[in-house]
Amino acid sequence: MNKKIIDNMDMEEYHDEGSISSTNMRDMGTSCELANYNKTNRRGIKQTPAMFDGTLVHHALQTRNIGSGYAIAPDCDRRTKHGKAEYVEFQSRIGDLSPITKQQYEMAHGAMESAWSHPESRLFLENGLMERSGFCKISDVDVKARPDIDCSHIPHSKHFPALVDIKTRQIGKASRDSWRKDFFNYKTYLQAGLQILVWRSLGCEVTEYYYLLVEKDAPFQVNVIALDNDWIHTSIIEVKKVLDKWKIYLANGLPKSYGQNQAPLEVEDWQARILDQL
């Protein structure tokens, strides 16, 4: 893929494109072979209910029009002849829309209303460009990124120019402390670093990075959290370290292992403290 930004690129087309994504990079944190396997077998990975709900909430926040992508399925018993017929008739009417339950609609609507009523969140949702796909080379590796909300075109002010990532959270998990732990433990900083690097490489100015956290359970609390300059810098460095690891893996012929000459296990300080108490 040539160096460029594409608007309104189909999601499946984006995922099928062969450049390295932040998902691949998080897998590389475990092993490059795992990343390569998951990348090669992407279509074999089934969408979980949590992934579906996350996509639904993203659509609701970004479009403010749930009905443009989803339709509420009838509450019918598809084990019966009548229920099957009712559902088939429903499917014949909805075209490319995805079926959802009334409960899923209410969940997405509640999250949407909360996000659009939050002053900072609304600022991004009203002024940002949604789901733009960027492609370029970083450290001689083809990479891609797809920020949920691109506000890099907005002149310098308190929150801009920025990229924004939407995260769907369970109840109570949009708090700052909860997000800080998951952000680090799940290596989410790689996604931020990659998006910033790609956008800067494509000539866009990005000085701020925000997370729009929205809970998918009532009362649908929202939180907007920025990365400070240290985390932005660290995220970029970590991305380059992972890409260097990937290049070594490719140069070594895609070994099906965790590498050679592993360091021996050592007794960690915290382990020694536990053992001393036994």
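Which backbone nitrogen does the side chain of H118 reach? In this predicted model, the side chain of H118 comes to 3.2 Å from the backbone nitrogen of S121. H118 itself sits in the loop between α6 (102–117) and α7 (119–127). Beyond the neighbours within four places in sequence, H118 is in contact with V222 and V224. The strand β10 spans residues 222–226, and that strand belongs to the sheet described next.

**The five-stranded sheet**

Five strands make an open sheet in the order β4-β7-β8-β9-β10, and the pairing is mixed. Its edges are β4 (129–130) and β10 (222–226), each of which pairs on one side only. Within this sheet, β7 (residues 149–151) and β8 (residues 162–169) run antiparallel and are joined by three bridges.

**The three-stranded sheet**

A separate description applies to an open sheet of three strands, ordered β1-β5-β6 with antiparallel pairing. Because β1 (4–6) and β6 (141–145) are the edge strands and each has a single partner strand, one side of each is left without a neighbour in the sheet. From one strand to the next, the twist averages 25 degrees. Three bridges hold the antiparallel pair of β1 and β5 (residues 133–138); K4 has F135 as its bridge partner in β5.

**A helix across both sheets**

Which strands does helix α9 lie across, together with β8? Helix α9 (residues 189–201) lies across β7, β8 and β9 (208–215), and runs at about 150 degrees to β8. The helix α9 also lies across β1, β5 and β6, where its angle to β5 is about 85 degrees.

**Backbone geometry in the loops**

Most residues other than glycine have a negative phi, and most peptide bonds are trans. The table lists places in this model that depart from that pattern.

| Site | Backbone feature | Value |
|---|---|---|
| F160 to P161 | cis peptide bond | omega near -5 degrees |
| A218 to P219 | cis peptide bond | omega near 10 degrees |
| N8 | positive phi | near 60 degrees |

The loop between β7 and β8 contains P161, and the loop between β9 and β10 contains P219. N8 is found elsewhere, in the loop between β1 and α1 (11–16).

**The second largest pocket**

Rolling a probe the size of a water molecule over the atoms shows where empty space is left. How many residues line the second largest pocket, and which of them lie nearest its centre? The lining has 13 residues, and those nearest the centre are N252, P255, S257, Y258 and G259. The volume of this second largest pocket is about 310 Å³.

Two helices, α3 (32–40) and α10 (229–251), each supply at least two residues of the lining. Of the elements that contribute, α10 gives the most, with three residues. Sorted by class, the lining of the second largest pocket comprises five nonpolar, six polar and two charged residues.

Terms used. Residues are numbered from 1 along each chain as its sequence is written. This is a predicted model: local features need pLDDT of at least 70, side-chain atom pairs count only at pLDDT 80 or more; totals for chains, interfaces and linings use all residues. Side-chain values use heavy atoms; hydrogens and water are left out. Helices (H or I, at least four residues) and strands (E, at least two) are DSSP runs, numbered from the N terminus. A polar contact is a pair of N or O atoms within 3.5 Å; within protein, one must be able to donate a hydrogen and the other to accept it, and residues adjacent in sequence count only if both atoms are side-chain atoms. Contact means heavy atoms within 4.5 Å. On a 1 Å grid over the protein atoms alone, a cavity is a set of points where a 1.4 Å probe fits but cannot get out, and a pocket is an open set with protein on both sides within 12 Å along at least five of seven lines; lining residues have an atom within 4 Å of a point. Grid points are joined across faces, edges and corners, and a volume is the space filled by probe spheres set on the points. Ala, Val, Leu, Ile, Met, Phe, Trp, Tyr, Cys and Pro count as nonpolar, Asp, Glu, Lys and Arg as charged, and the others, Gly among them, as polar. Two strands pair if DSSP finds at least two bridges between them. Axes are lines fitted to C-alpha atoms, for helices over the stretch in contact, and angles run from 0 to 180 degrees between N-to-C directions.
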